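Me: I would like to learn how to read a few features of a structure, one at a time. Please give the general idea and then the case at hand.

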Amino acid sequence: MTSLSQKYDAMNGKTLLSLWVLLFVVSANLIYGQSRSIQKPELQNFSSACATTSKNEFTVLALLSPGAALPNGNEFILQRSDPNGDFSNAIELARANGPNNGTSSEQEIEFENFSIPTTSSSDTYKLRVIASLDDKIISEISDDTPMHFFRDSIDLRLNDRKPVIFCNVETIRKELVIEVLDKDKQPIDPEQFEWEWFRVEGVNNDILIPGENGTSLTVTSEGTYVAKIPLGDCQNIFRRARSNEVTVSKVEVDEVQIITAAPDFSFCPGEDKVLTYTNSSFNYQHQWFKDGEPIDKATGPNIRLSDNDFGGVYRVQLAISDECNQLLSEPVTVVNEGSSITKPLPEFLVRLPREVLNLEIETDAPLGSTIRWIVDTNIQSSGPLQSPTSSFDAPLIAVYRVEIDANDACNSALFSQTEILAPNNIIPVIGTDDIIDCSAEIITLRVIEVNGITNVGPVPLTEDQLTRLNFEWFKDDVSTGEFGREFEINRGDSESIYRVEASLDTGEFTARTSEELPILFLDNNIELTAVPAILSVEDDATVTITAPSNENFSYTWFEIVGGEERLIDGETINELIVSEPGIYLARIATDLCEVPTLPIEIGKEGEVSISELIPNIITPFGSPGINDRWVLPARFSSADVEVTIYNVNGQPVFNKTGGYNSEWPEMEEVKEELYFYIIKENQEVTKKGTITVMQ
């Protein structure tokens, strides 16, 4: 029989259990019934989103509070504010599909591997998360989240990577200009970037120059300067956003004096003969001269003289920087106290069939000195030097060497040698003078040289050997009846192909032909075409510029920037595709000559045309073909235009009606530095101004 106390305990236990169940149900209803919240989103793994073209993937996490299930199809949207934290025009960065199920614990909302916009550039963006199907669910606002996108393939070049060094001046003034190049070394407009300028005071100590935010900096004091694209917390990540440092300095340069180990600049041939100059430096550009002529490859701060024929007058020219260049030393006379072979033997010669070559040297060794001629290793003759000129007959294929024991103050031991080779063929080479006017009416083709083909390569025949050859000229594989070493052709022969055949007088080598040479005369007014004629406003719009096509033409393309031609690397066919407005031209070359085309301007829809500007400077005495003539916008070539140019006395020096087509000036017409112009359209004056002729 159950006691009263036992019944009481049983009832009390059931009551407690019911109370616990009730509390659980109430708590669950409260949890699942309340509106769910999202904590502030946070960038994962990085403190800043520093993106590049090749690396632009980031992850953000936010915690979703426990609560009831969200509607099916709900997405969580990650939004970014403007740099001031304003979400009025929020940018969507990414979406996440859930979690949408109800839960009693926190859940992660993960926005994985999304990209930031390429326009991102601020340290003070803020993030938030919203639910797409429940506008009451909006996260807390994040802390400031730096985001920067940078094209890490660009190259920032300050002052063309050159130092600025002023010589012997009290004050300095220099504009440092930044240049931006893409991965193909093509220029990019630096105006599309923001800039900051710094003075470098030490390692990792760049001092900001306040208020300097342009694409150039004018400096008036010595120091080291650098330009940066401001990228906030990502600045140290993107090293290419920092230009090279440029040091601006002043130096006192004394007169450049050549020095050497011998105070009187006198040497014997076997001595070590090195010329340098006071305070020499490998940081400068150099060119050494002997007897007024530049010495090939002598471009360092010192020069080592050869043992033969080194006497003469020497000077060195050095350029410390663009601001301090063309410093020329006083001349010094180097004296050869010994002797030299002043006309040595060539390194190689060819022997034609049935030929005995006559080898000849010239020397300033004293007469009576011992001279030996050696064939391979065998002495063939030895005796006293009888004349400044010595010769030796060479009928064999061998190595020939001449040695002189000079009876001079240095007891100079002189030598020179050549190797005579047997050719297995001869090949003539034809061409023209180095500089040919493409617009000439007549040009002269000539046999430039004839090479004997040997086991060491081609060896040019001597002038004496050329007299043993007969030549015949061919046009389009038909004999012209011309047999000399030169042949004249005129403009009417354009687009013909020429070659010459050479035959040895003894018959061993006959009809040995040169390479074919296409003859293409070019005009000076070649026009380019553009399709379409103007860039549309679309982001990916392009224009194709086309030059006349010919398989015998070669092409280089340029953009005209600031009156100068800038090479467009890698463009070598007759078409150029451009995506930026500008002025472009091609240089077309044949085997004979090269001409620039007329420039063509590519404008952009809705923008003011560059060519509406009237040029006020020409440089006809500068680089040939560059800014030689006064080039007007294309609209002034129409028939209702009259152009008149006056000198400073008001006298007309040029007049053209019926449209102007870049005719002025001819070189002989330019006699003054300043001219005035008036342009009329339909008898009404529409433009007038001045033209400065730069020397």
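Me: Which residues form a negative surface patch?

Reply: Some ground rules come first. This is a predicted model, in which local features need pLDDT of at least 70 and side-chain atom pairs count only at pLDDT 80 or more, while totals for chains, interfaces and linings use all residues. Residues are numbered from 1 along each chain as its sequence is written, and side-chain values use heavy atoms, with hydrogens and water left out. Now the definition: a patch is made of residues with over 30% relative accessible area and no salt bridge, where like charges are joined within 9 Å and nonpolar side chains (Val, Leu, Ile, Met, Phe, Trp, Tyr) within 5 Å. Lys and Arg count as positive, Asp and Glu as negative, and His and the chain ends are not counted. Each charge is placed at NZ of Lys, CZ of Arg, CG of Asp or CD of Glu. Accessible areas come from the Shrake-Rupley method with a 1.4 Å probe, and for residues only the protein chains shown count as cover. In this structure, the negative patch consists of Glu170, Glu252, Asp254, Glu255 and Glu330.

Me: Where is Glu252 found?

Reply: Helices (H or I, at least four residues) and strands (E, at least two) are DSSP runs, numbered from the N terminus. Glu252 sits in the loop between strand 19 (246-251) and strand 20 (258-260).

Me: Why does Glu252 count as exposed?

Reply: Buried means under 20% relative accessible area, exposed means over 50%, and partly exposed is in between (1.4 Å probe, protein chains only). Glu252 counts as exposed because its relative accessibility is 61%.

Me: How many salt bridges does a search of the whole structure find?

Reply: Side chains of opposite charge can pair when their charged atoms come close. The criterion for a salt bridge is a side-chain nitrogen of Lys or Arg within 4 Å of a carboxyl oxygen of Asp or Glu. The search finds 31 of them. One joins Glu92 and Arg95, with 2.9 Å between the closest N and O atoms. Glu92 is partly exposed at 43% relative accessibility, and Arg95 is partly exposed with a relative accessible area of 41%.

Me: With which side chain does Asp493 meet in a salt bridge?

Reply: The partner of Asp493 is Lys475, at 2.9 Å from N to O. This pair links distant parts of the chain, 18 residues apart: Lys475 belongs to strand 40 (residues 469-475), and Asp493 to the loop between strand 42 (486-490) and strand 43 (496-504). Asp493 has a relative accessible area of 16%, so Asp493 is buried. Lys475, at 28%, counts as partly exposed.

Me: In the salt bridge of Arg587 and Glu594, is Arg587 buried or exposed?

Reply: Arg587 is buried, at 10% relative accessibility, whereas Glu594 is partly exposed at 43%. Their N to O distance is 3.4 Å. Salt bridges can also be linked in a network, as they are for Asp206, Lys228, Arg242 and Glu245.

Me: How many aromatic pairs does the structure hold?

Reply: A pair of aromatic rings is described by the distance of the centres and the angle of the planes. Rings of Phe, Tyr and Trp (its six-membered ring) pair if their centres lie within 6.5 Å; planes under 30 degrees apart count as stacked, over 60 as edge-to-face and the rest as tilted. The structure holds twelve such pairs. Among them is the tilted pair of Phe392 and Tyr400, 6.3 Å centre to centre with 55° between the planes. Phe392 and Tyr400 are both buried. Phe487 and Tyr498 also form a tilted pair, at 5.9 Å centre to centre and 55° between the planes. Phe487 lies in strand 42 and Tyr498 in strand 43, so this pair ties together parts that are eleven residues apart in sequence. Phe487 and Tyr498 are both buried. One aromatic cluster is formed by Trp630, Phe654, Tyr660 and Tyr677.

Me: Which residues does a cis peptide bond join?

Reply: Most residues other than glycine have a negative phi, and most peptide bonds are trans. A cis bond joins Gly98 and Pro99, with omega about 15°. Pro99 is placed in the loop between strand 5 (91-96) and strand 6 (107-114). Another cis bond joins Val531 and Pro532, with omega about -10°.
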